[in-house]
Amino acid sequence: MDVLGMEAFLAIVQTRSLTNAAELLHLSQSTVSYRLQVLEREMGATLIERRKGIQTIHLTPFGESFAVLAERWSLLKQEVEVLQSRGPQTSLAIGAADSLSVYVLPPLYRMISQQCPSIRLKIRTQHTMESYESVEKREVDVAFVKAERVAPGMIVEPFYVDEMVLVRLNTAERSPSAVISPLELDCRNQLFFSWGPAYQLWHDRWWNAFTPANLQIDSAALIFSLMWNAQQWSIVPRSIANALAQTDKFVIQSLTDPPPPRVCYQITHKHLDSAKKSALSLLNQFVTLIYRNN
């Protein structure tokens, strides 16, 4: 397809005038006319009607149909030029549990975006088991999950350890440096979120399993919305507490016998193409820098 002829034709369609098209392209009118004729010969059809004494251009029926295709061609040409200006790119699909993606992984996302513009991130929020399936099916390249499982063909390794802390409303007598015994806490005032089997075992050692908390929730963010009196308390990963507990309203404290920390895992497939390996190598460097060295 004659690029110069297409540009001349689209300028004529836009301005409805050879004179105005020439001005738009910063060319002479004869040059625009010549380029149009070359395109018409290539297409084997007349694109505009030529009438003496009429300044406004009218397209032939063929020209009307061709104008629609020419506009699509112009948009595609622009997209190709943008792609070329970016240089070679690699797409990296990341699956992550919602709480990790919101409270733990943003520093990683920012670092990749800022330092590796050639990597295009696709982030998918997934449950842990869904992430394992997605990595196995090669639907995502790497996933960050809250539980470890045996997964042949995959590399599963811890990337982040999140200690569990106590969150309560801030009062004059409560200090962030205080270490609180679970015996000081009334289970009935707990905003309970199930952080997994290990947490449940620890919880049942301290409080009667047959005396459930008055509030049981399935969204960590609700903890900070539903805590309205000084007797209430909840236990959450520090990453979530740091993100949501405003210092003037809540106090974050340690426990004398804390629950097991929440261990988060990174999973990748053992067999990857060279382009993905290169991108994941950079991601692993950032993961080590941000999480594993802390």
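Predicted model: local features only at pLDDT ≥ 70, side-chain atom pairs only at ≥ 80, totals over all residues.
Residues are numbered from 1 along each chain as its sequence is written, and side-chain values use heavy atoms, with hydrogens and water left out.

The protein has a radius of gyration of 31 Å, whereas a compact globule of 294 residues would have one near 19 Å; the radius is taken over C-alpha atoms, and the globule rule is 2.2 Å times the number of residues to the power 0.38. The C-alpha trace spans about 100 × 45 × 30 Å along its principal axes.

Of the 294 residues, 41% are buried, that is, under 20% relative accessible area with a 1.4 Å probe, protein chains only. Among contacts (heavy atoms within 4.5 Å) with a separation of 6 or more, 72% join residues 24 or more positions apart.

The protein has 11 helices and 13 strands, which are DSSP runs numbered from the N terminus (helices H or I, at least four residues; strands E, at least two). An open sheet of 4 strands with mixed pairing runs in the order β8-β12-β7-β11. Its edge strands, β8 (179-180) and β11 (233-237), each pair on one side only; two strands pair if DSSP finds at least two bridges between them. β8 pairs with β12 (residues 250-255) in the parallel sense over 2 bridges. In β12, leucine 255 is the bridge partner of isoleucine 180.

Definitions and conventions:
Buried < 20%, exposed > 50% of the residue type's maximum accessible area, 1.4 Å probe, protein only.
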